[in-house]
Each structure stands twice: as structure tokens, then as C-alpha cells.
Amino acid sequence: MNFQIEEIDFSQLTLPNKLYKYRTWQNPNHKKVITHKEVFFAPYRSFNSKYEHLIEDDYNSIDEEKVWQQIYDDAPKLFDIHEHDKRVKHANKFVEEKNWNKPEIQTEASKKFQDRLNNEFGALCMSEVKDNYTLWSDFTGFSIGLNPAFMFEKGQIQCTSGYVNYYPEDSPPKTKVFTYSKIERAAEVNKVIFNLPFRYKDEKEYRLSKYIVNTGRSFPIKEQTVEEINIGAKMNQKNKSELIAAANNNYPNSKIYEQRLNDRDEIIGYEQIN
């Protein structure tokens with residue numbers, strides 16, 4: 001799947017009616033969506049699933065002639081090299097030293113990409129599914145139902161957004177090792193963030209991705225953004241009381257529901273408690 005990055009006016013966005021963020025009350029950072037009215041764009045390596053990291057770098061995609069030309073073109077701006085002969089020498093040296101077939105060069109390049117992805121970008125992972133068994137199993141505390149329209153209003157969160165693409169596990173997508181523009185680099189970053197194996201397709205995940213170097217990872221959200229709060233059936237009474245008190249204080253107009261299970265631990269519905 002190829003990713004195309006474009007800027008779209010809010011009025012033209014096609015958004016889900018509601019997105020659910022699954023959380024656990026035991027984690028202090030997870031609680032902040034209720035206690036501090038903020039969402040967190042997590043670093044890539046904090047994602048628990050090993051399947052987040054299956055996408056490989058495609059070293060066969062390197063075109064040495066294009067790489068040479070790019071280094072030559074960038075020499076005046078990036079390296080203050082202006083004379084033609086010196087630019088040629090600089091580009092030749094770069095291509096010769098970067099022998100992409102060497103395993104140690106590939107390891108170093110891939111690590112640098114993963115480090116930058118982890119340190120410079122964040123993702124907010126949500127689902128349009130309210131009753132996903134896997135997500136409730138992983139995050140047994142609570143979920144919040146967000147109205148995405150408020151998140152994308154002008155002056156709120158500027159980011160890349162979209163549904164996750166689910167790929168066959170025997171043929172994961174690959175990222176280009178060398179890119180030639182900011183747009184192309186952003187597309188390769190999002191190829192990693194917005195792809196998961198087919199086994200997770202029932203989660204119908206929707207993600208926001210953001211460059212966080214200049215802004216930090218935490219962002220405030222408006223009270224109207226949180227339309228509902230769903231408390232898991234297995235949350236203990238102490239945590240439940242704390243959550244309800246914080247929710248009533250910060251989201252007085254949000255509906256609070258408590259999950260109901262049958263004797264086989266299957267979700268049978270939600271009962272409003274406020």
C-alpha cells in the first residue's frame with residue numbers, strides 16, 4: 001500500500017461518528033484523559049505488540065544514481081559545498097562509503113530510522129468498535145467515546161489521521177531506505193505507523209500520527225470531545241469511584257456507562273449510571 005500525504009480542509013474530512021480509546025485506571029498516564037483532560041501521542045516503541053515492528057526496510061529500492069544526484073544537489077545547502085568538482089567528489093564519496101549491501105550499514109541505517117520514528121513522532125491509537133473483546137482484554141479498565149469532529153477543529157490537534165491498513169502477515173509492506181523529499185519521508189513514516197497484520201483487522205483501528213518534537217506528546221481536549229465513558233465490568237469499586245468523581249468534575253455532560261457481562265464473561269450491554 002502506498003501512502004499519499006495531503007492537507008485537507010476540515011469540512012472535507014470523512015470521519016467515523018465516534019472513536020473509542022481503551023485505557024486502564026492503574027496506569028497514571030492512562031488516567032490523564034479523565035483527570036487532566038488530555039490525550040497522549042505515544043512513542044512507537046511503547047506499543048506492546050511485536051507485530052508493530054514487522055515492517056522491513058527495502059534496501060533493494062535504492063537507486064544509486066538518484067542518491068548520487070540528491071547528494072550532489074544538496075551539497076551547497078547542507079554541506080556548504082558549491083564548486084562543481086567538489087560536489088562531484090562529495091557525492092562520489094558518499095555513495096562509495098554507503099555500501100548498502102553490507103549488513104552493518106543496513107543495521108545502522110535501520111536503527112537510525114527507528115530511533116527517529118520513536119523520538120520524533122507519536123501516535124494516538126483508537127478504534128471505532130465499542131465492544132472489541134481483544135481490546136477489553138488488554139485494557140480492562142475503561143474506554144472513552146470521542147467525537148472526532150472536535151479533535152479536528154481548527155486550532156486543535158494538527159496531525160495525520162486515518163484507518164490502519166491490515167496486511168497479510170506473509171507479505172508485510174517495506175519502507176524505502178532513501179527518500180528524496182519531506183513528503184516522501186512522511187509517507188514512509190506513516191507506512192510504518194498505519195500498518196498492522198491482518199489478524200488485528202477486527203479492531204478497526206483509527207490512528208492519529210503527529211510530529212511531536214516542537215509540541216510535546218500531551219494535548220488538551222475540549223470537554224465536548226468526550227461523549228461517553230464506559231467502565232469495564234471488572235474494575236474494582238475503589239477505581240470506579242475515583243473515575244466517576246473525576247469524570248463528573250471534568251466531563252459533567254458526558255454519559256457514564258457500566259459494562260454488563262453474562263456468566264461466560266461475554267459483553268451483553270451497558271447501563272447508564274449518571
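The model is predicted: local features require a pLDDT of at least 70, side-chain atom pairs count only at pLDDT 80 or more, and totals for chains, interfaces and linings use all residues. Residues are numbered from 1 along each chain as its sequence is written, and side-chain values use heavy atoms, with hydrogens and water left out. The protein has eight helices and 14 strands; helices (H or I, at least four residues) and strands (E, at least two) are DSSP runs, numbered from the N terminus.

**Overall architecture**

- Of the 274 residues of the protein, 42% count as buried; buried means under 20% relative accessible area, exposed over 50%, and partly exposed in between (1.4 Å probe, protein chains only).
- The protein exposes about 15,800 Å², of which carbon and sulfur atoms supply 47%; accessible areas come from the Shrake-Rupley method with a 1.4 Å probe, and for residues only the protein chains shown count as cover.
- Among contacts in the protein with a separation of 6 or more, 79% join residues 24 or more positions apart, where contact means heavy atoms within 4.5 Å.

**Helix α1 and its surroundings**

- Helix α1 spans residues 28-35, and its buried residues are His30, Val33 and Ile34.
- Seen down the axis of α1, these buried residues fall within an arc of 100 degrees, so they line one face of the helix; the arc is that of the directions from the helix axis to the C-beta atoms.
- The packing partners of the buried residues of α1 are the strands β1 (19-23), β2 (38-40), β5 (142-146) and β12 (226-231), together with helix α8 (237-250).
- Lys37 follows α1 and has a positive phi, near 55 degrees.

**Asn132, a buried loop residue**

- Asn132 is in the loop between β4 (121-127) and α5 (133-138), and Asn132 is buried, with a relative accessible area of 4%.
- The side chains of Asn132 and Asp202 make a polar contact at 3.2 Å; a polar contact is a pair of N or O atoms within 3.5 Å, and within protein one must be able to donate a hydrogen and the other to accept it, while residues adjacent in sequence count only if both atoms are side-chain atoms.
- Not counting residues up to four places away in sequence, Asn132 touches Tyr22, Asp202 and Glu203.

- A search of the whole structure finds two cavities of 30 Å³ or more; on a 1 Å grid over the protein atoms alone, a cavity is a set of points where a 1.4 Å probe fits but cannot get out, and lining residues have an atom within 4 Å of a point.
- The largest cavity has a volume of about 40 Å³; grid points are joined across faces, edges and corners, and a volume is the space filled by probe spheres set on the points.
- The lining of the largest cavity consists of Ala42, Pro43, Tyr44, Phe47, Leu117, Phe121, Gly122, Ala123 and Ile193, and its largest share, three residues, comes from β4.
- Ile193 lies in helix α7 (residues 182-193) and is buried, with a relative accessible area of 3%.
- Leaving aside neighbours within four places in sequence, Ile193 is in contact with Leu117, Phe121, Ala123, Arg207 and Ser209.

**Phe113 in helix α4**

- Phe113 is found in helix α4 (residues 103-120) and counts as partly exposed at 23% relative accessibility.
- Phe113 touches Asp57, Glu188, Val189 and Val192, not counting residues up to four places away in sequence.
- Phe113 and Asp57 are 56 residues apart along the chain, and their C-alpha atoms are separated by 9.4 Å.

**Aspartates in loops**

- Most residues other than glycine have a negative phi.
- Asp80, although not a glycine, has a positive phi of about 55 degrees; Asp80 is in the loop between α2 (64-79) and α3 (84-97) and is exposed, with a relative accessible area of 59%.
- Asp265, also not a glycine, has a positive phi of about 60 degrees; Asp265 lies in the loop between β13 (255-261) and β14 (267-272) and is partly exposed, with a relative accessible area of 40%.
- Asp170 is in the loop between β7 (165-167) and β8 (174-176) and counts as exposed at 72% relative accessibility.
- Asp170 and Pro197 are 27 residues apart in sequence and 9.1 Å apart in space, C-alpha to C-alpha.

Key. 1 Å grid on protein atoms, 1.4 Å probe; cavity = no way out; pocket = protein on both sides within 12 Å on 5 of 7 lines; lining within 4 Å.
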